[in-house]
Every structure is written in structure tokens, then in C-alpha cells.
Amino acid sequence: MTPALRSVVSAGAPEDGQAAVRGLVPVVPALREVLPDGGLRRGTAVSVAGGDAGLLLALAAGVRETGGGWAAAVGLPDLGLAAAEGYGLDLRRLLVADDPGPHWPEVVSVLAGAVELIMLRPDGPVPPKLATRLAAVLRRSGCVLLVAGPWPGAVLRLGVRSGRWFGLGDGYGRLAGRQVEVVAEGRGSAVRGRSARLWLPDEDGAVRPVREQARTQVPGLHEEVHEQGRGQGYEQGRAQGYEQVREQPLQVGLPPVAAVV
């Protein structure tokens with residue numbers, strides 16, 4: 001017996017019998033440069049190495065830009081719905097089959113004809129014959145299958161090669177974001193690997209590129225004195241500069257300190 005599906009938020013069901021629109025399922029702008037086609041090719045399976053939940057959700061978030069905009073999560077009982085919404089998924093158009101067990105292939109086959117994209121975590125290794133059969137289902141429906149883990153015959157494989165969380169101090173603080181390097185490789189036009197450094201997520205729970213911030217040059221004490229002493233002779237300016245520092249304690253987020261000459 002196939003497990004029942006539930007909608008995260010009450011809403012009308014997706015229309016049955018709609019012809020799949022061929023082309024690409026869009027992705028968020030930050031991921032476009034990583035994907036060979038700038039989006040997810042309809043009717044294909046994509047593998048997310050290691051099952052990284054953040055990358056899985058980020059790849060799925062662009063489905064809301066399609067005409068139907070429906071997605072499904074199969075075999076992901078620990079999926080964070082707040083995180084999914086933060087990445088951009090529309091919870092009103094998300095179907096969830098938390099624990100389909102060994103029936104996940106049947107669930108995927110049924111959903112492929114009703115949604116644009118399916119996030120899947122199989123309950124074990126996937127036999128190549130089963131993957132081939134489901135690949136035919138995907139081609140007919142135009143649905144994209146995002147698999148948390150390996151998948152035989154995946155046209156594209158993505159993963160997080162390195163990552164670092166920000167926000168935690170020495171025993172205190174809160175997570176404020178994660179910087180990662182996302183790598184993609186695959187078959188055909190995707191043979192040559194691509195990579196990008198991203199916030200996954202940033203402090204607002206979204207995905208965006210890591211932009212190198214321009215370095216702010218904070219002048220040292222002698223540099224500041226040198227600028228203040230221009231036109232008055234270096235030694236005179238040096239003395240005046242130090243005198244100003246004495247009168248106005250340094251502000252560095254600590255109790256005021258006196259500069260020592």
C-alpha cells in the first residue's frame with residue numbers, strides 16, 4: 001500500500017494531466033553559474049553528494065518560479081520546513097511523504113506526474129535497473145529528481161567540498177551563516193567541473209555568492225600622525241598627533257586606554 005501524502009499547508013491540489021513544459025527548472029541566481037545549463041534540466045536526476053540538506057533545499061527553491069511551482073519531499077522526515085521556507089520554497093505547494101519505506105519508488109512514480117520537482121532520500125542503495133525505470137518516468141513527465149546521495153546515471157552531481165560556519169565564539173554566540181564551496185560535475189556538457197563560493201545560508205537564511213569585501217585600511221598610529229603633520233614638519237606633526245591621541249583615548253570596543261609613547 002502506497003503511503004499517504006500530506007500537504008504542508010492546506011491548498012488546492014496540482015492540476016492533473018498538464019503537459020510537462022520542456023526546458024529547465026530555474027534555480028536561485030547564486031547557483032546558476034555552477035550549473036552547466038544555468039538551471040535543472042527537466043526529466044533528469046541530480047545527485048547531491050553527502051545529502052547536504054542546505055544544498056538540496058537551495059537547488060529546489062527555484063521551482064516556485066515555474067508555472068506550476070509544486071514540489072515534493074520523499075523520505076526526508078527531518079526536513080526543516082522553516083529552513084525550506086527560508087531558502088525560498090513555497091510551503092503551500094510542497095507535498096511531503098515523510099517515511100515511504102520500501103514503497104518510495106511507487107511514490108516517486110506517482111508524484112512525477114503531478115509536481116515539477118521531487119527531493120528524495122532513498123531508504124538504501126538504488127539498483128541500476130530501478131534507476132533506469134524511474135529515469136523513463138522522469139523523461140515522460142519532465143519532473144526533476146533531486147536525490148540526497150548517490151544515484152546511478154545521474155546527469156549531474158553536486159556537493160559541498162568545504163564549509164565553515166560563522167557566528168559562534170568561544171563557547172557563546174549563535175550561528176549566523178555558512179560559507180561553502182559548491183562543486184558540480186556530470187555528463188555531456190557538465191563533464192568539466194564547476195565551482196562557486198556561496199553563503200549557504202546567509203544570516204537571513206538565503207543563498208547568495210560570497211563577495212570578497214574590500215579591505216578597510218585602518219591607519220596605524222604612525223600613519224595617522226604622519227597625515228596630521230603634513231605641512232608643519234614631520235617632527236612637529238608627530239608630536240601634535242601623539243598629543244591628540246593622549247587627549248582622546250582609543251575606541252576599540254574595550255575600556256579606554258592611554259596610548260604610550
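## Salt bridges

A salt bridge is taken here as a side-chain nitrogen of Lys or Arg within 4 Å of a carboxyl oxygen of Asp or Glu. In this predicted model, the count by that rule comes to eight salt bridges.

One of the pairs is formed by Arg-178 and Asp-52, whose side chains meet with an N to O distance of 3.1 Å. Arg-178 belongs to strand β10 (residues 173-186), while Asp-52 sits in the loop between β4 (45-48) and α2 (53-60), so the pair ties together parts that are 126 residues apart in sequence. Arg-178 and Asp-52 are both buried.

## Further charged contacts

Asp-90 and Arg-92 also meet through their side chains in a salt bridge, at 3.1 Å from N to O. Asp-90 has a relative accessible area of 14%, and is therefore classed as buried, the limit for that class being under 20%.

Another salt bridge joins Arg-208 to Asp-202, with the closest N and O atoms 3.0 Å apart. The two partners fall into separate classes of accessibility: Arg-208 is partly exposed, with a relative accessible area of 30%, whereas Asp-202 is buried, with a value of 7%. Asp-202 and Arg-208 also belong to a network of salt bridges that includes Glu-203.

## Second largest pocket

The second largest pocket of the model has a volume of about 180 Å³. Its lining comprises 13 residues, and those closest to the pocket centre are Ala-135, Arg-139, Gly-153, Val-155 and Arg-187.

Helix α5, which spans residues 128-141, gives the most to this lining, with five residues. By residue class, the lining of the second largest pocket divides into seven nonpolar, four polar and two charged residues.

## Nonpolar surface patch

Leu-175 is placed in strand β10. Strand β10 is also the element that holds Arg-178, the residue paired with Asp-52 in a salt bridge.

Technical notes: Residues are numbered from 1 along each chain as its sequence is written. This is a predicted model: local features need pLDDT of at least 70, side-chain atom pairs count only at pLDDT 80 or more; totals for chains, interfaces and linings use all residues. Side-chain values use heavy atoms; hydrogens and water are left out. On a 1 Å grid over the protein atoms alone, a cavity is a set of points where a 1.4 Å probe fits but cannot get out, and a pocket is an open set with protein on both sides within 12 Å along at least five of seven lines; lining residues have an atom within 4 Å of a point. Grid points are joined across faces, edges and corners, and a volume is the space filled by probe spheres set on the points. Helices (H or I, at least four residues) and strands (E, at least two) are DSSP runs, numbered from the N terminus. Ala, Val, Leu, Ile, Met, Phe, Trp, Tyr, Cys and Pro count as nonpolar, Asp, Glu, Lys and Arg as charged, and the others, Gly among them, as polar. Buried means under 20% relative accessible area, exposed over 50%, partly exposed in between (1.4 Å probe, protein chains only).
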